[in-house]
Amino acid sequence: MKDRNELVSIFAKGALGAIPFVGPLAAEIIGMVIPNKRLQRIEALLTALESKIQLDKQHRVAESLNSENAIDLMEDAFIAASRALSSERIDYIASMLKNGLTRDELEHIEYKRLMSLLSELNDVEVLILKSKLLDRRDDEFESFWKKHQAVLIPATATFGSTREEIDKNTVFQSHKTHLRNLGLIKTTFKKPKRGELPEFDEKTGMIKAQGEDITPLGRLLLESIDQAPRR
């Protein structure tokens, strides 16, 4: 185990030396945290992180990386990156790490929580969450929905639906249930007029839902990965 860790540490120092700023700072941590496992993804994370840190913020990041809190957050990011299956996921993690190392708005424990939440979501659920934030007046709205409509608008399951359509809709609904359970989106209901009873769903027997809306926690998560404008 010792020889393996030494080999990983040597590899990390060599491969990451080409990333001039954050690479050398992170090489020692990598050797301890991810022994000989998916180092290329971690290198991709640090390359993305390097591109996101502005020149005037580098001194602050260098100072931050001397703290236990920053190293702890870096360790979480390395583990998350080692499991990432898409370039988009790497970019989300890099953005959160950049924000965690350069901003004062959130404390370390809060970024730890956000990193944990991100690790519980798959890429489709991140897209669903973002779809609840975008307004039709946003410049990004049309291009976002056009790019991801196949994922965000699955076929509605009806009596005449095929098994494939039913399965896709079932999985899609499970994504939204997961987001609700994590407190990232909430169900909205139509307010009945005075003197009228609320409308009930015949299938569930519950008050009929009007849709879903993003919660403050959901928006904060998107902000932390640079997928929402900061207020």
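This is a predicted model: local features need pLDDT of at least 70, side-chain atom pairs count only at pLDDT 80 or more; totals for chains, interfaces and linings use all residues.

Reader: Why is Trp145 called partly exposed?

Author: Buried would need a value under 20%, and exposed one over 50%. Trp145 comes out at 22%, so it is partly exposed.

Reader: What makes the pair of Phe144 and Trp145 edge-to-face?

Author: Their ring centres are 6.3 Å apart, and pairing asks for centres within 6.5 Å. The planes stand at 85°, and over 60 counts as edge-to-face, so that's the label.

Reader: And how do you know whether Phe144 is buried or exposed?

Author: Phe144 has 5% relative accessibility, and the cut-off is under 20%, so it counts as buried. Phe141 is buried too, because its 15% also falls under 20%.

Reader: Why is the pair of Phe141 and Trp145 called tilted?

Author: By this rule there are 2 aromatic pairs. In the one formed by Phe141 and Trp145, the centres lie 6.1 Å apart with 45° between the planes. Under 30 degrees would be stacked and over 60 edge-to-face, so 45° leaves tilted.

Reader: Where do Phe141 and Trp145 lie?

Author: Both sit in helix H9 (residues 141–152), 4 residues apart, which is about one turn of the helix. Ring pairs join Phe141, Phe144 and Trp145 into a cluster.

Reader: Now H6: what makes it mostly covered?

Author: Of its 16 residues, 12 are buried, including Ile90, Tyr92 and Leu97. The buried residues of H6 pack against several helices, among them H3 (39–52) and H11 (216–224).

Methods
Residues are numbered from 1 along each chain as its sequence is written. Side-chain values use heavy atoms; hydrogens and water are left out. Buried means under 20% relative accessible area, exposed over 50%, partly exposed in between (1.4 Å probe, protein chains only). Helices (H or I, at least four residues) and strands (E, at least two) are DSSP runs, numbered from the N terminus. Contact means heavy atoms within 4.5 Å. Rings of Phe, Tyr and Trp (its six-membered ring) pair if their centres lie within 6.5 Å; planes under 30 degrees apart count as stacked, over 60 as edge-to-face and the rest as tilted.
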